[in-house]
Amino acid sequence: MQFFGGSDVSPSPPAPTAAGHNANVMYMFNRNGVCLFYREWNRPLRTLNPQQDHKLMFGLLFSLKSLTAKMDPTSVDRGNLGVPQLPGQGCSFHSFRTNTYKLSFMESPSGIKIILVTDPRTGDLREALKYIYSLYVEYVAKNPLYDPGTPIR
Amino acid sequence: MPTVGPRSGDAIFANVERVNAELFTLTYGAIVRQLLTDLEEVEEVNKQLDQMGYNIGTRLIDEFLAKANISRCVDFKETAEMIAKVGFKMFLGVTASVTNWDIEGTCCSVVLEENPLVDFVELPDTCQGLYYCNVLCGVIRGALEMVSMKTEVTWVRDVLRGDDSYELQVKLLKQVPEEYPYKDDE
């Protein structure tokens, strides 16, 4: 019998070729709203200070998730808007697009949310987000010096 | 893009990197031995093992979710199946089975036929109250807490104490819904 171990193996899924070089901004939050990671490559307009920006982004996604779950036409049990969701209920949205940008979102069941803002013509980024999540797992979750809930450096 | 379904425990187990089984068992044995020397009280050691397991579990869950590629489980029954079939297989290389569901579906038993942590282990008379594999209880508890389920995990049967197999009882206490973490007035 042999077991799992080791920390320097590279993640197995191959990097998707679609989302090449057009990412504008990336955020990563944990379930308490702490912004674990923020990186921007191309952000011409800045309106808020970073704290408010993170809060706004997190609040937006939280509300959107709640809204999309409540408006789901296929699901049976409906609470009123504002009632917190139990795990396992509800669908999850994965992207929205405006005429200038596209925002893609992924949430793991453990509450880690990954957000990528890109050019509007970008295709479906779900595979890329999963890849980023597995990178997170490989290098952050397995790092013994990392304290969960603090921003990643 | 076609979505990939949940991967079976065997498939993932074949893909992850592994360490030598004896190394793993002996390292765990050394940890328990050292805890016994440091803490001396068997109850304290049990608690410490549970705490260590909890810390491991909170990180392990992300790895499990990333590798197993599953979406949220709809109810606790599915969760327990996932833990037994995919989780144990992926991390320890053994398959467990789920039995003894109670009427509401909140409490079940996970039975392990073989347990790699206890190869070559015998409990001496001075340590009869010790739950040698208590770290597994902590891992399950920590991992489930990170997916919004508060649980209580205890050992029902333990081969080191004379029973014939390992049985963990996993009881769901409550499901914690996600809350908006920021206060409204900020």
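How many bridges join strand 3 of chain B to strand 5 of chain B? I looked this up in the predicted model and found 6, joining residues 107-112 to residues 166-175, with the two strands running antiparallel. I took helices (H or I, at least four residues) and strands (E, at least two) as DSSP runs, numbered from the N terminus. I called two strands paired if DSSP finds at least two bridges between them. As one example, I noted that Val111(B) has Glu167(B) of strand 5 as its bridge partner.

Next, I went through the sheet. I found it open, with 4 strands of chain B in the order 2-3-5-4 and antiparallel pairing. On average, neighbouring strands are turned by 25° against each other, direction ignored.

For angles, axes are lines fitted to C-alpha atoms, for helices over the stretch in contact, and values run from 0 to 180 degrees between N-to-C directions.

Last, I visited Met52(B), in helix 3 (residues 42-68) of chain B. Leaving out residues up to four places away in sequence, I saw that Met52(B) touches Ile31(B), Leu35(B) and Val135(B).

A note on conventions: residues are numbered from 1 along each chain as its sequence is written, and chains are lettered from A in the order in which they are written. Local features need pLDDT of at least 70, side-chain atom pairs count only at pLDDT 80 or more, totals for chains, interfaces and linings use all residues, and side-chain values use heavy atoms, with hydrogens and water left out.

Methods: Contact = heavy atoms within 4.5 Å.
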